[in-house]
Amino acid sequence: MVAAGGASVRGVGWGAVVLAGGRARRLGGVDKPALVVGGRTMLDTVLLACAGAGSIVVVGETRPVAVEVGWVREEPPHGGPLAGLTAGLGALPGPPELVAVLAADLPGLRAGTVGRLLDAVDGDGGTDGALLVDRDGRPQWLAGVWRCTALRRGLAELGNPSGRPLHALLGGLRAIRVPGRDTEVADIDTAADLAAHSRHTGDPVT
């Protein structure tokens, strides 16, 4: 694992797990993390938003990226986001106190987004984490910051993570809900999502 920048927010160490191993079936099976939106790949956008982390692990196929990261694959390959999170947590050194758990298809994510999530968790010792919600209060499970101990405890209780949705774990944790701003919450699952993001932001897609 290679360090990727600073190691704390308000003195609390944190790391990041970025999930980039999906098949993107609803987007025609393209290499979704490599799609260039607004001048950079969606994966690089998410990694740059985590540049203050003490360590970053990407779960997916190795590729050139904008910052130094560690790489790991879920078991089995394409075993789903919960299997990816399990692999990513296992590859984080430390482990850190807080872990940002993020999808690689969030072109509106910024460092300030992650900072608000970190601040929410760091400011409330009674919570397990914080995640973004949209204007209707719906959670974005793949845009959150969590206490590593809570994630590990929950995974141990769940057992085999393969094929299980992420909210099977995160839905049972105590989370602060942080309202998303502008396009922070929007992930890209379909061609319509991609077109809507481009129309809203003016970001070219290549």
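The legends below describe close-up views of a predicted model.

**View 1. The chain as a whole, for orientation before the close-ups.** In this predicted model, the chain contains six helices and 10 strands. Of the 206 residues in the chain, 47% are buried. Among the contacts in the chain with a separation of 6 or more, 70% are between residues 24 or more positions apart.

**View 2. The packing of helix 2 against helix 4.** Two packed helices are described by the angle between their axes and the distance between the axes. Helix 2, formed by residues 81-91, and helix 4, formed by residues 148-158, pack at an angle of about 125°, and their axes are 11 Å apart. That angle makes helix 2 oblique to helix 4, and helix 2 passes helix 4 in a left-handed crossing. From helix 2, the residues Leu82, Thr86 and Leu89 take part in the contact, and they meet Cys148, Leu151, Arg152, Leu155 and Leu158 of helix 4. The residues of this contact divide into six nonpolar, one polar and one charged.

**View 3. Helix 3, its span and its buried residues.** Helix 3 covers residues 111-122, and its 12 residues reach 16 Å from the first C-alpha to the last, which is close to the 16 Å expected at 1.5 Å a residue. The buried residues of helix 3 are Thr113, Val114, Arg116, Leu117, Leu118, Ala120 and Val121. Aspartate 122 also lies in helix 3, but with a relative accessibility of 23% aspartate 122 counts as partly exposed, because buried means under 20% relative accessible area. Aspartate 122 and tryptophan 146 are 24 residues apart in sequence, and their C-alpha atoms are 9.9 Å apart in space.

View 4. Most residues other than glycine have a negative phi, and most peptide bonds are trans. In the loop between strand 6 (70-72) and helix 2 lies proline 76, and the peptide bond that leads from glutamate 75 to proline 76 is cis, with omega near 0°. Proline 76 has a relative accessible area of 34% and is therefore partly exposed. Although proline 76 and proline 161 are 85 residues apart along the chain, their C-alpha atoms are separated by 9.9 Å. Histidine 78 has its place in the loop between strand 6 and helix 2, and histidine 78, which is not a glycine, has a positive phi of about 60°. The relative accessibility of histidine 78 is 34%, so this residue counts as partly exposed.

View 5. Proline 95 is found in the loop between helix 2 and strand 7, the strand of residues 98-103. Glycine 94 and proline 95 are joined by a cis peptide bond, for which omega is about -10°.

**View 6. Aspartate 182 in the loop between strand 10 and helix 6.** The loop that holds aspartate 182 runs between strand 10 (175-179) and helix 6 (191-201). Aspartate 182 is not a glycine, yet it has a positive phi of about 50°. With a relative accessibility of 65%, aspartate 182 counts as exposed, because exposed means over 50% relative accessible area.

Notes. Residues are numbered from 1 along each chain as its sequence is written. This is a predicted model: local features need pLDDT of at least 70, side-chain atom pairs count only at pLDDT 80 or more; totals for chains, interfaces and linings use all residues. Side-chain values use heavy atoms; hydrogens and water are left out. Axes are lines fitted to C-alpha atoms, for helices over the stretch in contact, and angles run from 0 to 180 degrees between N-to-C directions. Helices (H or I, at least four residues) and strands (E, at least two) are DSSP runs, numbered from the N terminus. Angles under 35 degrees count as roughly parallel, over 145 as roughly antiparallel, 65 to 115 as roughly perpendicular and the rest as oblique. A crossing is left-handed if the near helix is turned anticlockwise from the far one by less than a right angle, and right-handed if clockwise. Contact means heavy atoms within 4.5 Å. Ala, Val, Leu, Ile, Met, Phe, Trp, Tyr, Cys and Pro count as nonpolar, Asp, Glu, Lys and Arg as charged, and the others, Gly among them, as polar. The expected span of a helix is 1.5 Å times one less than its number of residues. Buried means under 20% relative accessible area, exposed over 50%, partly exposed in between (1.4 Å probe, protein chains only).
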